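Here is a note to read beside the model, written as numbered points. Please keep the sequence and the 3D view open while you go through it.

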Amino acid sequence: MELRQLIHDLYGIDQPQGCTEEEIDAVRDIFGTLPATVEEFWRTFGRTKELTRMDDTWFFPEDFQRWDHLSQSGDLPLLDENQYVCEVAVLQKDLSLPDPPVYTRMAAGEGPWVLSAPTVSKFLEAALTYEAIWQMDHSSEEFYWLTDEELAVVQAKLTKRAGVLRNWMEMDVTFYSNRPDNLVVVMDVGDQYQTLYGGATEESFAALLEVMEGLGEPI
């Protein structure tokens, strides 16, 4: 899905604000080169307050001017989980690629890098879908555990979105909807499935409840 449409549907953003070329050039000077897909993301969305004020932290050009540690390893950080359980980056060796793979690691930088998405484009689609659930005005009040049978109901009655967020806090995260502006997030934690769901409007949330109501055990 085109990112502008995804952000319109899930965040209600009609006029995103982007970074200037001068801001992007300053980060390129730090790293020597930048992936074209990262530049375009910053150019289109880098000063959109709905994205810069999340619990999890997206990194945009102004952050590299404020925090020197972001460039010390040579890897390009994209996103940090809000308690620094995991961090996401493009590795230094891949920075010259136009749409490189994206990696995640746990334990505040001490764990190994593992693949999160094969390209920045696919990572942005999946991560922005995931982050949207925390911004929605209408959502389930708590997390639920789903059984295999209940997950099968979700998969049969809702449409699976293309994006998959892999190795986020050691979980694979998939997404389902029955409207462009609603979302079921399913986190595979190994032997169970944790879920949270919401809609951008009361109407879109009600459409999800037709499927989700009664499914799952509150956590």
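1. Two strands are said to pair if DSSP finds at least two bridges between them, and strands (E, at least two residues) and helices (H or I, at least four) are DSSP runs numbered from the N terminus. In this predicted model, local features need pLDDT of at least 70 and side-chain atom pairs count only at pLDDT 80 or more, while totals for chains, interfaces and linings use all residues. Residues are numbered from 1 along each chain as its sequence is written, and side-chain values use heavy atoms, with hydrogens and water left out.

2. Strand β3 (residues 86-90) and strand β4 (residues 102-106) pair in the antiparallel sense over four bridges, and Val 88 stands opposite Thr 104 in β4. An open sheet of five strands runs in the order β1-β2-β3-β4-β5, with antiparallel pairing. The edges are held by β1 (57-58) and β5 (114-117), each with a single partner strand, so one side of each is left without a neighbour in the sheet.

3. Strand β2 (residues 76-80) contains Leu 78, which counts as buried because its relative accessibility is 6% (buried means under 20% relative accessible area, exposed over 50% and partly exposed in between, with a 1.4 Å probe and protein chains only). Leaving aside neighbours within four places in sequence, Leu 78 is in contact with residues including Trp 58, Val 88, Val 102 and Phe 123, where contact means heavy atoms within 4.5 Å. The C-alpha atoms of Leu 78 and Leu 124 are separated by 9.5 Å, although the two residues are 46 apart along the chain.

4. Which residues touch the most other members of the largest nonpolar core? They are Trp 42, Trp 58, Leu 76, Phe 123 and Leu 128, out of 51 residues in that core; a nonpolar core is a set of buried Ala, Val, Leu, Ile, Met, Phe, Trp, Tyr and Cys residues joined through side-chain atoms within 4.5 Å. Helix α6 (residues 120-132) gives the most to this core, with eight residues. A second, separate core has 15 residues, among them Tyr 144, Leu 151, Val 154 and Leu 158.

5. Helix α6 is largely enclosed by the rest of the structure, because eleven of its 13 residues are buried; among them are Phe 123, Leu 124, Glu 125 and Leu 128. Its end C-alpha atoms are 18 Å apart, which agrees with the span of 18 Å that its 13 residues should have at 1.5 Å a residue, the expected span being 1.5 Å times one less than the number of residues.

6. In helix α7 (residues 148-157), the buried residues are Glu 150, Leu 151 and Val 154. They cover an arc of only 100 degrees around the axis, which puts them on the same side of α7; the arc is that of the directions from the helix axis to the C-beta atoms. The face turned away from that buried side carries the exposed residues Asp 148, Glu 149 and Ala 156, whereas what covers the buried residues includes β10, β11 (182-188) and α8 (202-212).

7. A search of the whole structure finds zero disulfides, a disulfide being a pair of cysteine sulfur atoms within 2.5 Å. Cys 19 counts as buried at 8% relative accessibility, and Cys 86 counts as buried at 1%.
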